[in-house]
Amino acid sequence: LQPGLFDLIQKYNIEHVYTSFPEEKITLEKDFENPPITIEEFEKKRKQYNKGIKDESLKIQASDYPKDKMQKREFATLKKTETMTLIRLKISSLFGDEKTHTIEEIYGRAEELGLELCPPETGPNYRLKYKDQPMGEWFCVGMKQITDSHGHSRVFRLERDGDGVWLNDLWASPGSHWAPESGFVF
């Protein structure tokens, strides 16, 4: 990946990008609307979403950790709805290697490539919209970390397992290393 690549992808409306075919696809979520969301709005939408689900395996789950983060001062939402393109890729695609990297390295490399951190409400909004997440898939939201009640820096994580689709979070302290197969959205 080279700086300016994601600008060219948008400029020429390229739909499919791979760093290696077929296992390293970069997902482009175009025209993603990221409206401001609060914990109350998320819970209301989650309940409405759950009522409309016929397949119980797709029920949205949310652990207490993301709910805790959504009540923090750092969870400052956008003032108005913003349309953006989300780019989801693996750390190995960001760096072109199979090494582990710290969150600072990951965010630094993303910035070099022209990617930006997501506003914090991207996690809950994306969770409500990404209904067909494949079983076993998980990825984190590239965002400014929010400190939980125990003083740990964390980011939102979207995943799907046998219990359904989840809005969860993951520890993202400055010194922790992330595996190359870890996914992020920017």
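Figure 1. At 62% relative accessibility, Asp31 counts as exposed (over 50% relative accessible area; buried is under 20%, partly exposed is in between, with a 1.4 Å probe and protein chains only). Asp31 sits in strand S2 (strands are DSSP E runs of at least two residues, helices are H or I runs of at least four, and numbering starts from the N terminus). Its phi is near 55°, a positive value in a residue other than glycine. Most residues other than glycine have a negative phi, and most peptide bonds are trans. A word on the model: it is predicted, so local features need pLDDT of at least 70 and side-chain atom pairs count only at pLDDT 80 or more, while totals for chains, interfaces and linings use all residues. Residues are numbered from 1 along each chain as its sequence is written, and side-chain values use heavy atoms, with hydrogens and water left out.

Figure 2. Asn13 has a positive phi of about 55° although it is not a glycine. You'll find Asn13 in the loop between helix H1 (5-11) and S1. On to Pro22, in the loop between strand S1 (17-20) and strand S2 (24-34): the peptide bond joining Phe21 and Pro22 is cis, with omega about 0°.

**Figure 3. Strand S8 and its partners.** Take strand S8 (residues 153-161): 8 of its 9 residues are buried, so the strand is largely enclosed by the rest of the structure. S8 pairs with strand S9 (residues 164-171) through 8 bridges, running antiparallel (two strands pair if DSSP finds at least two bridges between them). Here Leu158 stands opposite Leu167 in S9, and the S8 and S9 hairpin has 2 residues between its strands. Strand S6 (residues 138-141) is also antiparallel to S8, joined by 3 bridges, with Cys140 opposite Arg157 in S8.

**Figure 4. The hairpin of S7 and S8.** Strand S7 (residues 146-147) pairs with S8 in the antiparallel sense over 2 bridges. Thr147 stands opposite Ser153 in S8. There are 5 residues between the strands of this hairpin, where Gly151 takes a positive phi near 85°.

**Figure 5. Helix H6, seen from Thr122.** Thr122 belongs to helix H6 (residues 122-129). At 0% relative accessibility, Thr122 counts as buried. Leaving aside neighbours within four places in sequence, Thr122 is in contact with Phe32, Asn34, Leu86 and Val141 (contact means heavy atoms within 4.5 Å).

**Figure 6. Val185 and its contacts.** Val185 lies in strand S11 (residues 183-185) and counts as buried, at 0% relative accessibility. Setting aside residues up to four places away in sequence, Val185 touches Leu86, Ile87, Arg88, Cys118, Tyr126, Phe139, Cys140, Val141 and Gly142. Lys99 is another story: 86 residues apart along the chain, the C-alpha atoms of Val185 and Lys99 are separated by 19 Å.

**Figure 7. Thr102 against a run of residues from Pro174 to Trp178.** The spot for Thr102 is strand S5 (residues 101-102). With a relative accessible area of 11%, Thr102 is buried. Not counting residues up to four places away in sequence, Thr102 touches Pro174, Gly175, Ser176, His177 and Trp178. Between the C-alpha atoms of Thr102 and Lys69, 33 residues apart along the chain, the separation is 22 Å.

**Figure 8. Stepping back to the chain.** The chain holds 6 helices and 11 strands. Its radius of gyration is 16 Å, close to the 16 Å that the globule rule gives for 186 residues, so the chain is as compact as a globular protein of that length (the radius is taken over C-alpha atoms, and the rule is 2.2 Å times the number of residues to the power 0.38). The C-alpha atoms fill a box of roughly 40 × 35 × 35 Å along the principal axes. Of the 186 residues, 47% count as buried. Among contacts with a separation of 6 or more, residues 24 or more positions apart account for 71%.
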